[in-house]
2 protein chains.
Amino acid sequence: MAFEEEQRIFDDFVRNKGLKHSGQRRDILLTFLKTEKHLTADELHRLVKKRNPAIGTATVYRTLRLLGESGLCREFRLDDGAARYEHLYGHEHHDHLVCKSCGNLEEVVDPKIEKLQEDLAKKHGFKISSHKMEIYGICRKCRN
Amino acid sequence: MAFEEEQRIFDDFVRNKGLKHSGQRRDILLTFLKTEKHLTADELHRLVKKRNPAIGTATVYRTLRLLGESGLCREFRLDDGAARYEHLYGHEHHDHLVCKSCGNLEEVVDPKIEKLQEDLAKKHGFKISSHKMEIYGICRKCRN
DNA sequence: CACATTAATGATAATGATTCTCATTATTAA
DNA sequence: TTAATAATGAGAATCATTATCATTAATGTG
């Protein structure tokens, strides 16, 4: 609940880059860590303002970039084009099941698919640096 | 080279919706069909202007939407967030190998992966409507 | 063919997300 | 405590996309 490990990672990152600490960044980091949802910058900003109403838009974006660089978060986009942010620490690589009805994202992994993706790339002489997969549809809950 | 089939599909679509034909739409359609690249709206607009310099931005976007509705094109987005458009007629479902060096997109399919994706969804009680997969890395050409 | 109807167009304004600028404030190391 | 400099927030700027609207063009009818 206190996210000591993540905070330590971020502190180290800030220190190593010769940056300074700030209360705003801590507020944003803790708010980000506290939800498992895949939020947009604006949605995160709204949440952060409950904790600290003075925080500006630019600071949210700037901090999100730093969280990305420090390996704590990852930006991704679904087909709607909106940038969303998800936890990276403690979340190994995974793909998403996206419910088009309720908007929920489920994280999934299938090692067999991962392997086949590598084979496919290799067959085309392609050196993989990353990959993503999304399955869109209707989730179990929404099917009733 | 004349894309009769695609033009017929679009004409039928326009007629069935009670819309009207226009030279601008034909210019945009033909320009779109003539390239196998995965263009953004702006890139397509530049190309179209070589054929008809008077065509406006809004018309390109409006036509792209109609091409989507008529099943001739599909909008998609890579991780850079830019909307791109690709041919749908004569291009069955496929995934993309995206070269981060030259930006080239290669279209690929692996039936085994497709099958496993369906199994994975089923296992989670998920009813699939569509799915996408992208592999990012360096293509064969750029590796030298 | 001429006409009335109505869709299409292009210029431009508006929007929404994100980034930039800059004067002010806060953090840090000495 | 202070000097150096990074961080902040407000608001301007940007970029892609969409909406508005007066004008133009396509269509079906007689």
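This is a predicted model: local features need pLDDT of at least 70, side-chain atom pairs count only at pLDDT 80 or more; totals for chains, interfaces and linings use all residues.
In chain A, the pair to look at is helix α1, residues 4-16, and helix α2, residues 23-34. Their axes cross at roughly 140° and come within 11 Å of each other. Angles over 145 degrees would count as roughly antiparallel and those from 65 to 115 as roughly perpendicular; α1(A) and α2(A) are therefore oblique to each other. The crossing of this pair is right-handed. On the side of α1(A), the contact is made by A:Glu6, A:Gln7 and A:Phe10. From α2(A) come A:Arg25, A:Arg26, A:Leu29, A:Leu30 and A:Leu33. Sorted by class, the contact of α1(A) with α2(A) has four nonpolar residues, three charged and one polar.

In chain B, the helices to follow are α2, residues 23-34, and α3, residues 41-51. Here the axes are 9 Å apart and the packing angle is about 115°. The crossing of α2(B) past α3(B) is right-handed. Helix α2(B) contributes B:Asp27, B:Ile28, B:Leu30, B:Thr31, B:Phe32 and B:Lys34 to the contact, while α3(B) contributes B:Leu44, B:Leu47, B:Val48 and B:Arg51. Six of the residues in the contact of α2(B) with α3(B) are nonpolar, three are charged and one is polar.

The largest cavity has a volume of about 80 Å³. Its lining consists of B:Gln7, B:Phe10, B:Asp11, B:Val14, B:Lys20, B:His21, B:Ser22, B:Arg25, B:Arg26 and B:Leu29. The elements that give two or more residues to this lining are α1 (4-16) and α2 of chain B. Helix α1(B) supplies the largest share, four residues. By class, the lining of the largest cavity has four charged, three polar and three nonpolar residues.

The second largest cavity holds about 40 Å³ of space. Lining this cavity are B:Phe32, B:Thr35, B:Lys37, B:Leu39, B:Leu44, B:Tyr85 and B:His87. Four of these lining residues are nonpolar, two are polar and one is charged. Two names in this lining return from the helix packing in chain B: B:Phe32 and B:Leu44 line the second largest cavity, and B:Phe32 of α2(B) and B:Leu44 of α3(B) also belong to the contact between those helices.

Definitions and conventions. Residues are numbered from 1 along each chain as its sequence is written. Chains are lettered from A and ligands numbered from 1 in the order in which they are written. Side-chain values use heavy atoms; hydrogens and water are left out. Axes are lines fitted to C-alpha atoms, for helices over the stretch in contact, and angles run from 0 to 180 degrees between N-to-C directions. A crossing is left-handed if the near helix is turned anticlockwise from the far one by less than a right angle, and right-handed if clockwise. Contact means heavy atoms within 4.5 Å. Ala, Val, Leu, Ile, Met, Phe, Trp, Tyr, Cys and Pro count as nonpolar, Asp, Glu, Lys and Arg as charged, and the others, Gly among them, as polar. On a 1 Å grid over the protein atoms alone, a cavity is a set of points where a 1.4 Å probe fits but cannot get out, and a pocket is an open set with protein on both sides within 12 Å along at least five of seven lines; lining residues have an atom within 4 Å of a point. Grid points are joined across faces, edges and corners, and a volume is the space filled by probe spheres set on the points. Angles under 35 degrees count as roughly parallel, over 145 as roughly antiparallel, 65 to 115 as roughly perpendicular and the rest as oblique.
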